[in-house]
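Visitor: I have a chain open on the screen and would like to go through it. Please keep to what can be read from the coordinates.

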Amino acid sequence: MSQAKVDRYKEQKANRQKIMKKEKMERLAWKLGGCAALALLVVWVGVSAYGRIHVPVADTYEIKTESVDHYLDGLNAEEE
């Protein structure tokens, strides 16, 4: 091995704990980021599905009573 390789190996060996800790933190950050993105996707799909499925119930109703009014007017006219 050349001296540069030996020096690099010694440096890596001396800083192995730091390097491993840094790599572990990077993996943890990627996992947390992935979980956050997945959670965001699930919530978005859920909200979209709820918006399409849930239809608000009408509070007021409109009823046409023209036929009934006409019938009752006819009954009142017969009585008179």
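Visitor: Does Leu38 count as buried or exposed, and at what relative accessibility?
Guide: This is a predicted model, in which local features need pLDDT of at least 70 and side-chain atom pairs count only at pLDDT 80 or more, while totals for chains, interfaces and linings use all residues. Residues are numbered from 1 along each chain as its sequence is written, and side-chain values use heavy atoms, with hydrogens and water left out. Buried means under 20% relative accessible area, exposed over 50%, and partly exposed in between (1.4 Å probe, protein chains only). Leu38 therefore counts as exposed, at 52%.

Visitor: Which residues make the nonpolar surface patch with Leu38?
Guide: Patch residues have over 30% relative accessible area and no salt bridge; like charges are joined within 9 Å, nonpolar side chains (Val, Leu, Ile, Met, Phe, Trp, Tyr) within 5 Å. A salt bridge is a side-chain nitrogen of Lys or Arg within 4 Å of a carboxyl oxygen of Asp or Glu. Areas are from the Shrake-Rupley method with a 1.4 Å probe, and for residues only the protein chains shown count as cover. The patch covers about 530 Å², and its members besides Leu38 are Leu41, Val42, Trp44 and Val45.

Visitor: In which helix is Leu41 found?
Guide: Helices (H or I, at least four residues) and strands (E, at least two) are DSSP runs, numbered from the N terminus. Leu41 is partly exposed, with a relative accessible area of 44%. Leu38 has its place in residues 16–53, which form helix H2, and Leu41 is also found in H2.

Visitor: How many of the 38 residues of H2 are buried?
Guide: Lys24, found in helix H2, is exposed with a relative accessible area of 57%. H2 lies largely in the open, because the number of its residues that are buried is zero.

Visitor: What is the radius of gyration of the protein?
Guide: The C-alpha atoms fill a box of roughly 125 × 20 × 10 Å along the principal axes. The radius is taken over C-alpha atoms, and the globule rule is 2.2 Å times the number of residues to the power 0.38. A compact globule of 80 residues would come near 12 Å, but the protein has 38 Å.

Visitor: Which helix has the lowest mean pLDDT?
Guide: pLDDT is the predictor's confidence in each residue, from 0 to 100. The protein has a mean of 89. H2 has the highest mean of the elements, 95, and the lowest, 82, belongs to helix H3.
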